[in-house]
Amino acid sequence: MSEPPREAGSPPLPPSTDTHRGWLHKWTNYLKGYQRRWFVLSNGLLSYYRTQAEMGHTCRGTINLATAHIDVEDSCTFVLSDSGRTYHLKASSEVERQRWVTALELAKSKAIRMMNNQSDDSGDEEPTSQSDKSELHATLRTLANKLDDLSQCNDLIAKHGAALQRSLSELESLRLPAESGEKIKAVNERATLFRITSNAMINACRDFLDLAETHSRKWQRALQYEREQRTRLEETIEQLAKQHNSLERACRGAPTLPSSSTEVSSTSKGSWTSSWLGQRSHHIKARVRRIKGETSDEDEETEYFDAMENAPEFITVTTDPTRHRRTGSNISGTSSDQTETWNLDDHAFDCQHQASFSAESRGVKSNRKRRTQIPDKPNYSLNLWSIMKNCIGKELSKIPMPVNFNEPLSMLQRLTEDLEYHELLDKAARCDSPAEQMCYVAAFSVSSYSTTTHRTAKPFNPLLGETFELDRREESGFRSLCEQVSHHPPAAAHHVYSKHGWTLWQEITIASKFRGKYLSIMPLGTIHLQFNCGGNHYVWRKVTSTVHNIIVGKLWIDQSGEIEIINSKTKDKCQLKFSPYSYFSRECARKVTGMVTDSESKASYVLSGTWDEKMEFAKVVESSQDGTSCEGKQKTVYQTLPPKVLWRKYPLPDNAENMYYFSELALTLNELESGTAPTDSRLRPDQRLMENGEWEEANVEKQRLEEKQRAVRRSREAEVATAAEEGREHEPYQPVWFEKKEDPITGEEVYVYKGGYWECKETQDWKTCPDIF
C-alpha cells in the first residue's frame with residue numbers, strides 16, 4: 001500500500017504490517033466544517049494530529065479499531081465510530097478513500113484476532129523497552145512452570161485417587177459388617193469429591209494463565225501510554241518555559257521605534273501578551289486533561305489550539321502625529337502626504353446624532369412621523385424540549401415552528417436592517433481615497449451585526465414571492481426592495497439604490513442546522529456595493545452566526561469567521577476577523593480586527609473594535625519586522641497614528657427588552673404603509689397577529705399560510721410531471737422583480753433587480769403579483 005511522502009522532520013513510524021498514514025479532512029464543527037488533519041494508522045489504533053510535526057508531542061485523538069464500526073457514506077467520505085465517538089472523514093479522491101477503508105478493515109480484523117487470542121501474529125503493539133519485554137516473558141514463563149507443576153500434581157492426585165477408589169470398591173465387594181461398609185462408602189465419596197475439586201482448581205489456574213496471556217499486552221500498552229504521556233508533559237512544560245522566555249524577550253524588544261515618540265496601543269503589546277497567555281492557558285489545560293485520561297477529540301463545540309496559533313499576526317504601535325510632521329522623512333511614502341490631515345478630534349463618525357435613528361434627530365424634515373414603539377411581548381410559557389427533540393438534524397426552514405420562537409419581522413425585513421447605518425456608505429461615497437473608502441465599507445459590513453446582540457428570536461420564513469420595500473428617499477435618500485426568489489433552498493434577493501451615489505445588491509441563501517445545544521446560521525451569497533463616483537465595486541460575504549444554549553440556559557449569539565472585502569477595480573483588500581467567544585481567552589468579547597491593504601499587499605489602515613459597539617481605524621505610517629518568534633515566524637510592527645472612531649452603535653430605545661430588542665429602525669419596518677405591493681411582508685396576517693400579541697391566532701394563521709404554499713408547490717410539481725410525460729418543457733418559477741444573470745465579478749448565477757417595481761407602485765398596477773396571503 002503506497003504512502004504519501006513524509007515531511008522532513010516528522011518522526012518515523014515503527015514498522016508494522018497495518019501501518020498507514022496520510023492527510024484526511026475531518027469534520028470538526030459547523031463553524032469550521034472539514035479541517036485537514038494528519039492521520040496515522042498503526043497497531044490497530046487510528047490517531048490524528050493537526051500537522052505532522054505534532055506526532056512527536058501532541059495526539060489530538062485516537063480510536064481503537066477493535067471495537068470501531070466503519071461506514072462508507074459516498075465516494076470520498078466515510079465514518080468511523082466507537083462507543084459514542086464518531087469521526088466523519090473525507091479523502092481527496094475515491095481511490096484514496098478506498099485505500100484508507102481497506103487499511104482500516106485489515107487493521108480492524110487483526111485487532112479483533114488479537115483480542116480473541118486467535119493469532120500470535122496479530123500485529124499488536126509490543127513493549128518498546130527490552131527490560132519490560134524480558135520482565136513480561138519471565139513472568140509468563142513462571143506462570144507456565146507453576147501451571148505445569150499443578151498439572152503434574154493433578155495427574156498424581158488423579159492416579160492415586162483412582163487407585164484409592166479401586167481399593168475401596170474391592171473392600172465394598174467383601175462381606176464386611178454393615179457398619180464397615182457404610183464407612184467405606186463414605187470414604188469413597190469423599191475421594192471422588194477431592195478429585196473433582198482438584199480438577200476444578202487446575203482448570204481455574206489454566207483459565208487464569210489464558211487470561212493473563214490475553215491481557216498482558218494490553219496492560220503493557222496502557223503502561224507504555226502512561227509513560228509516553230508523562231514524557232510529553234515534561235517536554236511541554238520545558239517548551240512552555242522556553243516560549244515564555246522568548247515572549248519576554250519579544251515584549252521587551254517589540255517597540256523597535258524610539259521610546260520617546262511611541263506608546264503601545266491597546267491592541268499592541270498588552271493585548272498580544274494577554275492573548276498569548278490566554279491561548280497558552282487553554283493549551284495547557286487541554287494537555288492536562290489528556291494526561292488525566294480524558295478524551296482529546298475535537299467535537300462540535302470544543303477545539304484545542306496550540307500556543308500562539310491564533311495570536312495576532314501583527315503589532316500596532318501608536319505614534320505622535322506632531323513628531324511625524326517634524327520628521328516626515330521617517331514616514332512611509334504612502335501616507336506622508338496625508339499625515340497632516342489626520343486630526344484626532346475630527347472623528348469619522350458623527351457622534352452628535354447617535355441618540356436616535358429618527359429623521360428629526362438628524363436634522364431632516366419628514367412629512368411622516370414614524371412609530372417609536374410596538375405592543376409589549378407577551379409572557380407565554382412553552383415546553384421547549386417537547387418541540388426541539390423532534391427537530392434535531394433537520395433543516396431549519398423545514399421545521400414547523402410556532403411563533404413563540406419568532407419575532408414579528410420576516411427575514412426580508414431583517415435583511416433590510418443591514419441599512420441601519422447607511423450613513424457610512426454616504427460618507428464612503430464622498431471619499432477620494434479608495435483605502436479610506438474601504439474603511440467605511442468595512443465598518444458598514446460590521447455594523448450589520450450590531451442589532452443581533454440580543455436578537456435571538458427567529459424571523460418569519462418568507463413565502464415564495466413575498467416582498468418588502470423600504471422607501472426612505474425623503475429621510476435618508478435611499479429605497480430598498482427585497483423578494484423571496486426561491487423556497488427550497490430559501491433565497492432572497494435585495495436591491496438598494498441611494499441618491500447619494502451608491503447601489504447595493506445581494507442574494508442571500510440561509511443554511512442553518514440545529515444540533516441540540518446550538519443553532520448555526522450560515523449566510524451563503526455575495527454582497528455587491530458600487531459607487532457612482534470613481535466606479536469602485538466592492539464584494540464580500542457574511543460570517544456565521546451561532547445561537548447558543550438552545551435547550552438549557554440563557555440564549556446568546558456569537559459571530560465568528562472572516563470577511564474579505566475586495567475592491568474589484570483597484571484590487572484593494574480588507575481582511576476582517578471576527579473572533580469567536582472562548583472561555584479561556586482574555587480578549588474582549590465580540591472582537592473584530594482587520595487590515596486594509598492595497599494591490600501590492602501594503603498596509604494602509606488598521607481596524608479594531610467589536611461588532612456590537614464600535615469600530616476604530618488608524619492610519620499606518622511605518623512598518624517594520626519584529627524579531628523571529630519562538631514559532632519561527634516574523635511579526636510585522638505597524639506604527640500608526642492615533643485611532644479615530646469609524647462607527648458607533650446607536651443606543652436601543654426605551655423599553656427595548658419588552659419589544660424584542662428592536663432598534664428604532666426595526667420598530668418602523670412592520671409599520672403599515674399605503675401603496676405597497678399585496679405581497680409585502682407588512683400585510684402578512686400571522687406576523688401582524690403576533691405583533692399585536694395574539695399568538696394563538698398567529699399560530700393558526702401561520703399553519704394556514706404554510707399549507708397554502710405547500711398546495712401551490714404540489715400543483716407546480718404536478719405540472720412539471722405532466723409536461724415531462726408530454727415531452728414538453730415546463731418553465732420553472734420566475735420571480736416577479738428579479739431575474740437571474742451571471743455575475744461578472746464572481747462568475748456565479750445570481751438574481752439581480754430587473755426594474756419595474758417602483759413604476760408599478762406609482763400606478764398601483766400589481767396584477768403580476770401572486771396571491772400568497
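1. Contact means heavy atoms within 4.5 Å. Helices (H or I, at least four residues) and strands (E, at least two) are DSSP runs, numbered from the N terminus. The structure is a predicted model, in which local features need pLDDT of at least 70 and side-chain atom pairs count only at pLDDT 80 or more, while totals for chains, interfaces and linings use all residues. Residues are numbered from 1 along each chain as its sequence is written, and side-chain values use heavy atoms, with hydrogens and water left out.

2. The protein holds 13 helices and 28 strands. Of its 773 residues, 46% are buried (under 20% relative accessible area, with a 1.4 Å probe and protein chains only). Among contacts between residues at least 6 apart in sequence, 60% join residues at least 24 apart.

3. Buried residues of H12 include Trp695, Leu705 and Ala723. The buried residues of H12 pack against strand E11 (458-460), strand E13 (478-487) and helix H11 (685-691). After H12 comes Gly727, with a positive phi near 75 degrees.

4. An open sheet is formed by 7 strands in the order E4-E3-E2-E1-E7-E6-E5, with antiparallel pairing (two strands pair if DSSP finds at least two bridges between them). Strand E4 (61-64) and strand E5 (69-72) stand at the edges with a single partner strand each, so one side of each lacks a neighbour in the sheet. From one strand to the next, the twist averages 35 degrees (axes are lines fitted to C-alpha atoms, and angles run from 0 to 180 degrees between N-to-C directions). Within this sheet, strand E6 (residues 77-82) and strand E7 (residues 85-90) run antiparallel and are joined by 6 bridges. Asp82 has Arg85 in E7 as its bridge partner.

5. Strand E22 (residues 591-597) is mostly covered, with 6 of its 7 residues buried. Strand E21 (residues 573-578) runs antiparallel to E22 and is joined to it by 6 bridges; Lys577 stands opposite Thr593 in E22. E22 also pairs with strand E23 (residues 603-610) in the antiparallel sense, over 7 bridges, and Thr597 has Ala603 in E23 as its bridge partner. E22 and E23 form a hairpin with 5 residues between them, and Ser601 in the turn has a positive phi of about 60 degrees.

Note on methods: Buried < 20%, exposed > 50% of the residue type's maximum accessible area, 1.4 Å probe, protein only.
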